[in-house]
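Please consider the following note alongside the sequence and the coordinates.

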Amino acid sequence: MSQQELIMPKLGESIMEATILKWLKKVGDVVELDEAVLEIATDKVDSEVPSPFAGKISKILFQEGDVVQIGKVIALLETAGGSEKPVSAPIIETQQPKQEVVKTQVVEKQHVTTNQNPVDRFYSPLVLNIAREEGISMSDLEKIPGTGKDERVTKADILAFVSNKGNSDVQTIEKEAEKPVSTKEEQPIIISTNGAVSKDGGEIVEMDRMRRLIADHMVMSKKTSPHVTSYVEVDMTPIVEWRNRIKERFEKREGQKITFTPIFIEAVAKAIKDFPGINITVDGYNITYKKDINIGMAAALPSGNLIVPVIRNADRMNLVGLTASVNDLATRARANKLKPDEIQGGTFTLTNVGSFGSLMGTPIINQPQVAILAIGAIKKKPVVMETEYGDVIAIRHMMIMSMSYDHRVVDGMLGGTFLKRVADNLEGFDVNREI
């Protein structure tokens, strides 16, 4: 027998640590080659770590909730072989463009304040996600007996609570302790098992890990780039009619639906080839022109947070390939199955605010990029159209696009003409094309 080391894998050049969410195996368990051993979380994405060896786990060196540096040995495996000397497992490295700079932050603990003494209890992001999806309050979460290390709540614990909560009175929130109030202006802050309560009675809750990262990234972007936003209105009628005509045949042939998103990405990729000054990053007074056109698309998660998977080399893909990539990334994003390198390396971002009913938006640039395009809702409206017989009023499918750009390097002429080119690409869509 020989002993091999399972190492915390490298998940991107800028990521230096990861949090262990859950061990899927315990000491003494047999592990197959490439079988998932544990779940980890970084500031970008949650993922599973597979074993590069087949063998039996002899020792686990870090526990759930521990923050571990990349490259550290996290477990030892006994494998069949002649060498008795431990051999390091190869680092599982995902590709990430060197120019991408990401702030790393990991939330180690969720602090819950009760009406007695402050309690420090760790909840993994997985447990917190389940709690949010099932509508479990922090007070109820505090009452769940934990079977993990230091009485931590595990996935099994919270799922057991969910299955039994219909017949349990544990979800009844304890009555809040209140002190006498002398005047309205001097109301004290009430502390309950839900956390701190503001003076007006509102509950104060702590941001989850992903929301903290999004908040930090958005504030950093506004501090870094002077934002300017331009708008243009697009006649989407030809594309709407074309999609309505081919969508059933396409779904039957390809086994998936075609949305407007791949059409938008195609139009953006074509425009970037004409205006490479949009496909850049800025480092101090240095500008880097990107060779590849990698389009990020903002996707909403069940938790309400957003993530931006990236379609690489979008300009080299046809509409069928773009559709397949869009549907695959969106589906795996909602299931939290994206790989770390699939949300890195974007050079331009597209966000569809119209999917939430908004006519337009003023998006914040996804650093270190210099522009982001927001797609509004497609609405029918009367439009004045010029014809050879004079002006007429017609009902058309209209849409507003807005683009925010970094005014340090993208001026109004470049930003405006690029946005107009995207609109022209959409309005000039070939309605006779077959895919």
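At what angle do the axes of α6 and helix α7 cross, and within what distance do they come?

1. Basis of the note. This is a predicted model, in which local features need pLDDT of at least 70 and side-chain atom pairs count only at pLDDT 80 or more, while totals for chains, interfaces and linings use all residues. Residues are numbered from 1 along each chain as its sequence is written, and side-chain values use heavy atoms, with hydrogens and water left out.

2. The helix pair. The axes of α6 and helix α7 (residues 319–334) cross at roughly 120 degrees and come within 9 Å. Axes here are lines fitted to C-alpha atoms, for helices over the stretch in contact, with angles from 0 to 180 degrees between N-to-C directions. The two helices are therefore oblique to each other; angles under 35 degrees count as roughly parallel, over 145 as roughly antiparallel, 65 to 115 as roughly perpendicular and the rest as oblique.

3. Residues at the crossing. On the α6 side, Thr261, Pro262, Ile263, Ile265 and Glu266 meet Leu319, Leu322, Thr323 and Val326 of α7, where contact means heavy atoms within 4.5 Å. The residues of this contact divide into 6 nonpolar, 2 polar and 1 charged. In this division Ala, Val, Leu, Ile, Met, Phe, Trp, Tyr, Cys and Pro count as nonpolar, Asp, Glu, Lys and Arg as charged, and the others, Gly among them, as polar.

4. Overall make-up. The protein chain has 8 helices and 24 strands, taken as DSSP runs numbered from the N terminus (helices H or I, at least four residues; strands E, at least two). Of its 435 residues, 46% count as buried; buried means under 20% relative accessible area, exposed over 50%, and partly exposed in between (1.4 Å probe, protein chains only). Among contacts with a separation of 6 or more, 65% join residues 24 or more positions apart.

5. Nonpolar cores. The largest nonpolar core has 59 residues, and those with the most contacts inside it are Phe348, Leu373, Met401, Phe418 and Leu426. Helix α6 (residues 261–274) gives the most to this core, with 8 residues. A second, separate core of 17 residues includes Leu6, Val31, Val37 and Val49. A core is a set of buried Ala, Val, Leu, Ile, Met, Phe, Trp, Tyr and Cys residues joined through side-chain atoms within 4.5 Å.

6. Leu426 and Arg421. Not counting residues up to four places away in sequence, Leu426 touches Val234, Met236, Ile239, Ile263, Phe264, Ala267, Met399 and Met401. Arg421 lies in helix α8 (residues 412–427) and is partly exposed, with a relative accessible area of 30%. Beyond its neighbours within four places in sequence, Arg421 is in contact with Ala271, Asp274 and Phe275. Arg421 and Ile272 are 149 residues apart in sequence, yet 9.2 Å apart in space, C-alpha to C-alpha.

7. Backbone points to inspect. The peptide bond from Gln367 to Pro368 is cis, with omega near 5 degrees; Pro368 lies in the loop between β21 (348–352) and β22 (371–375). Asp34, although not a glycine, has a positive phi of about 70 degrees. Asp34 lies in the loop between β3 (30–31) and β4 (36–41) and counts as exposed at 54% relative accessibility. Asn313, also a residue other than glycine, has a positive phi near 50 degrees. Asn313 lies in the loop between β20 (310–311) and α7 and counts as partly exposed at 22% relative accessibility.
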